[in-house]
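Please view the sequence and the structure together.

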Amino acid sequence: MTPIQRRLFHQTVRWLRHAIPSEQGLPLKGSIPAMQRGLPERRRIKDVAKVVAVSSAKGGVGKSTVAANLSLAFARMGYRSGILDTDIFGPSIPTLFNLGGEPRLSSSNLFLPLSNYGVKTMSMGYLVGKDAPIVWRGPMVMKSLEQLLHKVDWGGLDILVLDLPPGTGDTQLSITQTTVLDGSVIVTTPHTLAVNDAVRGINMFRKVNVPLLGLVQNMSLFSCPHCHQDTAVFGSNGRVKEVCNEHAVEFLGDIPLHQNVGDDGQRGKPTVVSEPDSERAQAFMDIAGLVAAKVKL
């Protein structure tokens, strides 16, 4: 175990001793059991002007790829941009940004982000081995998440993108209930199963009073390079726009299904920086422009 991993582990253990009630149901060392505390107070992330969460209630829809490209698009627009990978069990940002190694600590004992392509990043993937499984129960996950949210020295950002894990569970609720979010973006594909789960995401953000900026439809159409015909591989695009109309949510835009988008991410150089003049990169730029306007950057 490396020094930073030991530090993270011991801080979590100390927190657990104070936060978890004893087996007899009594608080330890005078703490109040969690169920009696009510909802926690929302805090802003220090030195960050705007925070936008990118979410998907369904896994496998390309949410992390969209989040990474949006953070890069903000940087291209001239903003001080960062991205925080809040997926504790399956971090993607180290791969997408071609980064690795442990982050250093500041003089204030805060994590210093790793940077690439003009974007500051932080991820649990930097704190554990590349292939090491994170086999943690809920309380340790929540404490680690708190440290990622509030123990990072961002050094002043105009906007921070939170790459949320898929679903509508503990991690999403903890973030939305403890952190001030300026807005949320939901990523889906045209497939019926993904769209159905996107509706659950819409309802979750509204239930916790987080502004919903809109929906992004990823992998919308495949344009054949040979016959130049468009094919809706995952079904008709109409369903996503119907959902937007039914739930009064803005449709932010389409990201086409293209091999290069996936390949760019796998080699650690997302589309916005690897193919800045492509239609695919422009799609991300257009969506980032809409988001920036909505959060008043």
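What percentage of contacts in the protein between residues at least 6 apart in sequence join residues at least 24 apart? The value is 76%, where contact means heavy atoms within 4.5 Å.

## Basis of the model

The model is predicted, so local features need pLDDT of at least 70 and side-chain atom pairs count only at pLDDT 80 or more, whereas totals for chains, interfaces and linings use all residues. Residues are numbered from 1 along each chain as its sequence is written, and side-chain values use heavy atoms, with hydrogens and water left out.

## Confidence and composition

Mean pLDDT (the predictor's confidence in each residue, from 0 to 100) is 85 for the protein, with 84% of residues at 70 or more. Over residues 15-36 pLDDT stays under 50, and the model has 20 contacts beyond four places in sequence for this stretch.

The protein contains eleven helices and nine strands, taken as DSSP runs numbered from the N terminus (helices H or I, at least four residues; strands E, at least two). Of its 297 residues, 49% count as buried, that is, under 20% relative accessible area with a 1.4 Å probe, protein chains only.

## Packing of α7 and α8

Helix α7 (residues 192-207) packs with helix α8 (residues 238-246) at an angle of about 20 degrees, and their axes are 10 Å apart. Axes are lines fitted to C-alpha atoms over the stretch in contact, and angles run from 0 to 180 degrees between N-to-C directions. The two helices, α7 and α8, are therefore roughly parallel to each other, a term for angles under 35 degrees.

On the α7 side, Val195, Asn196, Val199 and Ile202 meet Arg239, Val240 and Val243 of α8. By class, this contact of α7 with α8 has five nonpolar, one polar and one charged residues.

Technical notes:
Parallel < 35°, antiparallel > 145°, perpendicular 65-115°, else oblique. Nonpolar A, V, L, I, M, F, W, Y, C, P; charged D, E, K, R; others polar. Buried < 20%, exposed > 50% of the residue type's maximum accessible area, 1.4 Å probe, protein only.
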